[in-house]
Amino acid sequence: MTETAIRHDWTIREAKALYALPLTELLFRAQSVHRQFHPPDAVQLCTLLSIKTGACPEDCSYCPQSGRNGADVEPERLLTVDEVLSKAKVAREAGATRFCMGAAWRDAREGEQFERVLTMVRGVRDLGMEACCTLGMLTDEQAARLKDAGLTAYNHNLDSSKEFYGEIITTRTYQERLDTISRVAGAGIHVCSGGIIGMGETLGDRLGMLVTLSSLTPHPESVPINALVAVEGTPLEDQPPVEPLELVRMCALARLMLPQSMVRLSAGRSRLNREAQLLAFMAGANSIFYGDKLLTTGNPDVEADMAMLRDAGMRALVPATDHAAAGTEPLPVTSAAPAPAE
Ligand code: SAM
Ligand code: DTB
Ligand code: SF4
């Protein structure tokens with residue numbers, strides 16, 4: 001196979017043509033690209049923690065944490081540094097290499113709360129883990145301070161296409177999302193940006209989001225692909241579940257259009273059986289949220305994920321940068337494939 005170019009000029013038309021390929025052909029192409037840029041047997045394990053839950057002023061119609069939606073989420077103040085770091089230690093013990101802290105804010109707070117988040121970031125880095133935050137919009141100064149604290153990545157999703165965005169959120173614009181992403185990249189922090197499928201959008205909207213992500217320079221370091229978790233009390237509570245093969249195809253398109261990015265099979269994994277998840281890995285997904293909870297909703301048990309990876313003979317990814325820095329070989333993985341029965 002010829003070497004894959006990193007492109008910033010994908011069109012919806014091209015993306016639709018790929019999407020329409022027979023699944024076997026699409027998987028083959030996506031896996032061929034995957035192997036040029038990533039080990040085929042490794043999955044990044046990222047653990048999420050909601051550090052500030054609920055009562056968000058934004059009106060994102062998918063989100064159980066919006067104070068304008070009627071989901072049964074108990075609002076919580078910003079956690080203490082100790083509370084967060086004790087969860088990060090548990091995640092590290094379980095094998096996670098990235099710890100992602102999410103806050104239900106429109107924009108990151110100033111003052112003591114922001115200082116606290118910076119201390120959390122430093123603490124997570126001191127534990128030897130990658131640190132990611134998602135705190136809403138940022139100023140240039142906040143982005144620079146997060147970078148100084150050692151933040152690895154900042155999650156700020158485009159969520160869908162520019163055209164569909166106004167249907168799901170009215171309290172901010174697509175351009176504001178792009179502006180924050182550009183501030184994050186400008187500060188030298190890796191961008192984590194993806195979206196949600198299953199909100200009532202068209203295929204063109206799903207692929208339009210990937211076209212926009214691929215137009216960014218550089219491409220986002222990671223791209224979470226979430227299937228809507230339709231939470232009771234939100235305006236999207238009655239959306240039908242995403243068909244697993246649509247999620248698999250979406251992962252394949254993300255892999256083909258964003259060859260170097262980590263493609264994270266994110267929310268909605270609880271509804272997928274192991275075989276569907278393994279198809280998504282074949283399609284180029286190489287990262288998951290790992291831990292019994294996402295922010296406010298459930299996620300597969302750690303034991304079930306370990307068993308899935310072990311039975312598939314796959315391993316947890318160890319960040320290359322940490323290896324290079326430590327001059328070490330990849331850690332032995334708790335999920336090492338068992339010897340076949342004699
Ligand atoms: N408030 C910040 C923001 O919106 O950027 C950070 C937290 S927010 C919960 C992070 C992301 O979670 C959203 O951008 C959305 O993609 C995802 N998300 C929220 N609710 C979801 C749901 N019910 N199903 C799937 N993904 C969801
Ligand atoms: C992302 O794209 N998905 C994560 C993370 N980034 C912050 C959040 C998923 C949230 C699912 C609904 C919940 O648990 O509240
Ligand atoms: Fe708030 Fe983020 Fe949820 Fe939107 S997605 S309501 S900004 S927490």
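**Figure 1. The largest cavity, with a volume of about 850 Å³.** This is a predicted model, in which local features need pLDDT of at least 70 and side-chain atom pairs count only at pLDDT 80 or more, while totals for chains, interfaces and linings use all residues. Residues are numbered from 1 along each chain as its sequence is written, chains are lettered from A and ligands numbered from 1 in the order in which they are written, and side-chain values use heavy atoms, with hydrogens and water left out. Searching the whole structure turns up two cavities of 30 Å³ or more. Strands E1 (42-52), E2 (98-103), E3 (130-134) and E7 (222-227) each give two or more residues to the lining of the largest cavity. (A cavity is a set of points, on a 1 Å grid over the protein atoms alone, where a 1.4 Å probe fits but cannot get out; lining residues have an atom within 4 Å of a point. A volume is the space filled by probe spheres set on the points, which are joined across faces, edges and corners. Strands, E, at least two residues, and helices, H or I, at least four, are DSSP runs numbered from the N terminus.) The lining has 42 residues, and Tyr62, Cys63, Gln65, Asn157 and Leu295 are the ones nearest the centre. By class, that lining splits into 23 nonpolar, 13 polar and six charged residues (nonpolar: Ala, Val, Leu, Ile, Met, Phe, Trp, Tyr, Cys and Pro; charged: Asp, Glu, Lys and Arg; polar: the others, Gly among them).

**Figure 2. Ligand 1 and the residues around it.** There are 18 residues around ligand 1, and Tyr62, Asn157, Asp159, Arg177 and Val229 come nearest (around: a heavy atom within 4 Å). Zoom in on the polar contacts, pairs of N or O atoms within 3.5 Å; within protein, one must be able to donate a hydrogen and the other to accept it, and residues adjacent in sequence count only if both atoms are side-chain atoms. Tyr62 puts a backbone N or O atom 3.0 Å from a nitrogen atom of ligand 1. Ala103 also uses a backbone N or O atom, at 3.3 Å from a nitrogen atom of the ligand. From Arg177, a polar side-chain atom sits 2.8 Å from an oxygen atom of ligand 1.

Figure 3. A polar backbone atom of Leu295 is 3.0 Å from an oxygen atom of the ligand.

**Figure 4. Asn299, in the loop between strand E9 (287-289) and helix H11 (302-311).** Asn299 is buried, at 6% relative accessible area (buried: under 20%; exposed: over 50%; partly exposed: in between; 1.4 Å probe, protein chains only). Its side chain reaches the backbone oxygen of Phe289 at 2.8 Å. Beyond its neighbours within four places in sequence, Asn299 has contacts (heavy atoms within 4.5 Å) that include Arg269, Ser270, Tyr290 and Asp292.

**Figure 5. The second largest cavity, about 60 Å³ of space.** Ala227, Leu228, Val242, Pro244, Leu247, Gly268, Arg271 and Leu272 form its lining. Sorted by class, that gives six nonpolar, one polar and one charged.

Note on methods:
On a 1 Å grid over the protein atoms alone, a cavity is a set of points where a 1.4 Å probe fits but cannot get out, and a pocket is an open set with protein on both sides within 12 Å along at least five of seven lines; lining residues have an atom within 4 Å of a point.
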